[in-house]
Amino acid sequence: MRDKKRDELLEIYRLLRNRFGHRNWWPADSSFEVIIGAILTQNVAWNNASKAIDGLKRANMLEPLALNERAAEEIAPLIKPSRFYNMKAMKIKNFMDFYYREYGGDLSVMSAESPAVLRKKLLAVKGLGQETADCILLYACGMPIFVVDAYTKRILQRYGIFKKEPSYEEAQRYFTENLPRDIELYNDFHAQIVQLGNCVCKTRPLCGSCPIAAVNGSKCRFTITTVHRSE
Ligand code: SF4
């Protein structure tokens, strides 16, 4: 049974990659930028986060020492495009306090933690939820942690793997229990899911042009059970 699930997931990945190409995530110049980007993109499109990152770069603030020395009030105006910028400036400061207190601002020290310990510590930082923590673990620290987002849960349900929308933990467990423990695969699979959710499996899904409408002879359950039309 596990082999069947693994084969299905690997085929889904293959079809997505054939359609979208390797996504080359995370889009950042450094691992530290990944961390700040993961906070800035909370609840907004990546475009907003990207503009906020540019604002930090223009002010020479996208490096640990500079961000650690500045107050949240100084950071907030620079990240306005990310919306909720006062709250996000506080979250960045909360992370910086943790980063220096625990690891002296050194990513290699932080990355030497065990994934389970670091995940627990990140989740204890005010303002970091599961998705943000897991993005940091996978894309900044190179740890084998599968990232789940709203698209992942929606697609798992629509596709028919779960009868109702799974929790974060259920969705994550499904991937990690059935896929090889492969950081590169985790990296690009999540990115492919985001692309599918963004462009095809939207609120009103474009099933007629979906690369995973049929996988290994099985049809996506949504296409069987729901009368819908393409946008
Ligand atoms: S076939 Fe439709 S519902 Fe199923 S994954 Fe593709 S876009 Fe989403």
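Analyst: Trp-26 is found in the loop between helix 1 (2–20) and helix 2 (31–40); helices here are DSSP runs of H or I with at least four residues, strands are runs of E with at least two, and both are numbered from the N terminus. The peptide bond from Trp-25 to Trp-26 is cis, with omega near -5°. Asn-24 lies in the loop between helix 1 and helix 2 as well, and its phi is near 55°, a positive value in a residue other than glycine. Most residues other than glycine have a negative phi, and most peptide bonds are trans.

The model is predicted, with local features requiring pLDDT of at least 70 and side-chain atom pairs pLDDT 80 or more, while totals for chains, interfaces and linings use all residues. Residues are numbered from 1 along each chain as its sequence is written, and side-chain values use heavy atoms, with hydrogens and water left out.

As for the domains, the assignment, automatic or from a database, gives domain 1 (2–23 + 147–225) and domain 2 (31–140). Their C-alpha centres lie 28 Å apart. Eleven residues of domain 1 are in contact with seven of domain 2, contact being heavy atoms within 4.5 Å. Between them the two domains bury about 750 Å², 57% of it on carbon and sulfur atoms; this is the accessible area (1.4 Å probe) that two parts lose on being put together, summed over both. On the domain 1 side, Val-147, Tyr-168 and Asn-187 lose the most area to domain 2, together 55% of what that side buries.

The count of salt bridges between the domains is zero (a side-chain nitrogen of Lys or Arg within 4 Å of a carboxyl oxygen of Asp or Glu). Five residue pairs, both at pLDDT 80 or more, are in polar contact across the interface; this needs a pair of N or O atoms within 3.5 Å, and within protein one must be able to donate a hydrogen and the other to accept it, with residues adjacent in sequence counted only if both atoms are side-chain atoms. Helix 11 (168–178) and helix 12 (183–199) each supply at least two residues of the side of domain 1 that touches domain 2. The largest share of that side, five residues, comes from helix 12.
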